[in-house]
Amino acid sequence: LQHYVGTGWSFAAFETQNGQEQFVGFVLAQPLLFIRSFTQTIWVEHLDFENEKVGQGLVETIYRWSRDKHMQKVVFTDAEQAAALSGAIAGTRTREGWWELATTRMKS
């Protein structure tokens, strides 16, 4: 996990509890080029967290990071989990059963 968090595409979440920093969740992701006609996609391989608030924070973090890096989509392999955590970020289920969040304006 330490290796992947250091790559800049994966994130770990910590909370201070009783004066000590506690590990409470992580998201493992990587950039993929040329997937489903998009040139810049973030692929979220795994998302794990202690509570829903942490999970929502991790989804929001990877979404905002992707927008900042001008990526086109964030794709989650676990559609049910990602859909439940996306909140106000509109997403769509793909035919493969993934959950996609558009991070740039798409032309129809």
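Student: Is Glu60 buried, partly exposed or exposed?

Tutor: Glu60 is partly exposed, because its relative accessibility is 37%. The terms run as follows: buried means under 20% relative accessible area, exposed over 50%, and partly exposed in between (1.4 Å probe, protein chains only). This is a predicted model, in which local features need pLDDT of at least 70, side-chain atom pairs count only at pLDDT 80 or more, and totals for chains, interfaces and linings use all residues. Residues are numbered from 1 along each chain as its sequence is written, and side-chain values use heavy atoms, with hydrogens and water left out.

Glu60 pairs with Arg64 in a salt bridge, with the closest N and O atoms 2.9 Å apart. A salt bridge here is a side-chain nitrogen of Lys or Arg within 4 Å of a carboxyl oxygen of Asp or Glu. The count is four by this rule. Both Glu60 and Arg64 sit in helix α2, four residues apart, about one turn of the helix. Helices (H or I, at least four residues) and strands (E, at least two) are DSSP runs, numbered from the N terminus. Arg64 counts as exposed, at 54% relative accessibility.

Now take Glu100 and Lys73. Their closest N and O atoms are 3.2 Å apart in a salt bridge. Glu100 is in strand β6 and Lys73 in strand β4, so this pair ties together parts 27 residues apart in sequence. Both Glu100 and Lys73 are buried.

Glu80 and Arg93 also form a salt bridge, at 3.0 Å from N to O. Glu80 belongs to helix α3 and Arg93 to strand β5 (residues 91-93), so the pair links parts 13 residues apart in sequence. Glu80 is exposed at 53%, while Arg93 is partly exposed at 47%.
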